[in-house]
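Thanks for coming, everyone. Please look at the structure on the screen, and I'll talk you through a few spots.

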Amino acid sequence: LVELPALEVPGGGVTAGLVTAPSQVRIILRDLAGKASWDASILYCTPEQLRHTENELNVDKWSSEPTMEEKMLNSCIVGPSVPQHTLRHRSPNILPTYENSADDLDNLDDLLQYIGETSPECLESLDTPRNIPAPPLFPELEQEAMGSVVNQRFLEQDYVSRSSGLPMMQSERCRRVESRTPLSPFQHCRLLFSQLGLAGWERRTQLHLLDKSEKLLRELRNLDTQRCRETHKIAVIYVAPGQEDKNSILSNTGGSQAYENFIAALAWEVELESHT
């Protein structure tokens with residue numbers, strides 16, 4: 001874990017428009033599979049919320065938010081949905097996103113269709129799209145499971161309606177966390193380390209402090225040069241009808257549809273210059 005000052009990312013990055021901590025934690029992982037890194041930062045609120053007073057926020061919340069009883073009841077009630085046969089579908093080559101969503105679009109079905117169109121290696125069969133559900137193995141068990149889910153929903157709805165007024169069903173309003181300056185060095189590293197569950201006593205025997213030395217740096221460089229798996233290179237060359245000499249065969253820029261389907265079934269395409 002390395003603690004760094006908050007980085008200025010062009011456009012704000014994933015934290016654009018949010019108030020964050022003055023420093024961030026970078027997790028660097030090295031093993032036989034390669035190197036990877038993640039950045040973690042504490043998110044507090046938006047600048048608009050920071051400019052409002054606590055009283056103004058409370059007034060807005062009390063006037064706009066539903067009560068606890070309404071929230072719990074709404075979570076148990078399933079509202080009417082659009083009939084399945086009236087749903088529209090996107091083109092297979094369009095990725096479903098929030099911007100192109102609508103109430104009468106089936107996002108999950110379109111996403112499965114997009115995966116099958118753009119990544120045919122994910123298809124179990126080339127002539128069966130991903131958005132076609134598999135037939136149930138045991139229809140009786142499926143009906144029994146559906147009945148259990150519906151009965152459970154009715155039981156939860158009845159319990160909430162009868163018990164929503166009890167003190168144990170009430171909770172205090174969450175308060176906004178204020179942005180604070182770290183009181184000690186590496187405080188955010190320690191916080192993330194603890195949140196990941198690595199600071200417990202049962203993990204102490206599995207953690208070791210390393211002294212930065214030339215030997216350690218040499219071992220890290222040696223680890224970076226090792227590959228995680230044995231690799232072999234093979235070539236699949238398309239030979240068009242009538243081609244017999246090497247120059248004409250190696251000058252092909254494409255193949256037949258059967259050749260392309262065969263290549264797609266082997267694996268996915270990668271950039272040779274950057275792939276390791």
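Start with arginine 26. Arginine 26 counts as partly exposed because its relative accessibility is 25%. On that scale, buried means under 20% relative accessible area, exposed means over 50%, and partly exposed is in between, with a 1.4 Å probe and protein chains only. Before going on, note that this is a predicted model: local features need pLDDT of at least 70, side-chain atom pairs count only at pLDDT 80 or more, and totals for chains, interfaces and linings use all residues. Residues are numbered from 1 along each chain as its sequence is written, and side-chain values use heavy atoms, with hydrogens and water left out.

What does arginine 26 meet in a salt bridge? The side chain of aspartate 39, at 2.8 Å, N to O. A salt bridge here is a side-chain nitrogen of Lys or Arg within 4 Å of a carboxyl oxygen of Asp or Glu. Arginine 26 sits in strand 3 (residues 23-31) and aspartate 39 in strand 4 (residues 34-40), so the pair ties together parts that are 13 residues apart in sequence. Aspartate 39 is also partly exposed, at 45% relative accessible area.

How many salt bridges are there by this rule? Five. Here are two more of them. Arginine 162 and aspartate 158 meet through their side chains at 2.9 Å, N to O. They are four residues apart in helix 5 (residues 139-163), so about one helical turn separates them. In general, an α-helix has 3.6 residues a turn, so residues three or four places apart point the same way. Arginine 162 is exposed, at 57% relative accessible area. Aspartate 158 is partly exposed, at 38%. Then there is glutamate 214 with arginine 221, where the closest N and O atoms are 3.2 Å apart. Arginine 221 is partly exposed, at 47%.

Now the overall layout. The protein has nine helices and five strands. Helices (H or I, at least four residues) and strands (E, at least two) are DSSP runs, numbered from the N terminus. Along the sequence, the pattern reads β-β-β-β-β-α-α-α-α-α-α-α-α-α. Of the 276 residues, 13% are buried.

Some of that burial is in helix 6 (residues 187-195). There, His188, Cys189 and Leu192 are buried. They cover an arc of only 105 degrees around the axis, which puts them on the same side of helix 6. That arc is taken from the directions from the helix axis to the C-beta atoms. Just after helix 6, glycine 197 takes a positive phi of about 80 degrees.

Step back to the loop between helix 5 and helix 6, where threonine 181 lies. Threonine 181 is exposed, with 62% relative accessible area.

Last, a nonpolar surface patch. Leu95, Leu108, Leu111 and Ile115 form it, with about 320 Å² of accessible area together. Patches take residues with over 30% relative accessible area and no salt bridge; like charges are joined within 9 Å, nonpolar side chains (Val, Leu, Ile, Met, Phe, Trp, Tyr) within 5 Å. Areas come from the Shrake-Rupley method with a 1.4 Å probe, and for residues only the protein chains shown count as cover. Leucine 95 is in the loop between helix 3 (68-76) and helix 4 (107-118). At 39% relative accessibility, leucine 95 counts as partly exposed.
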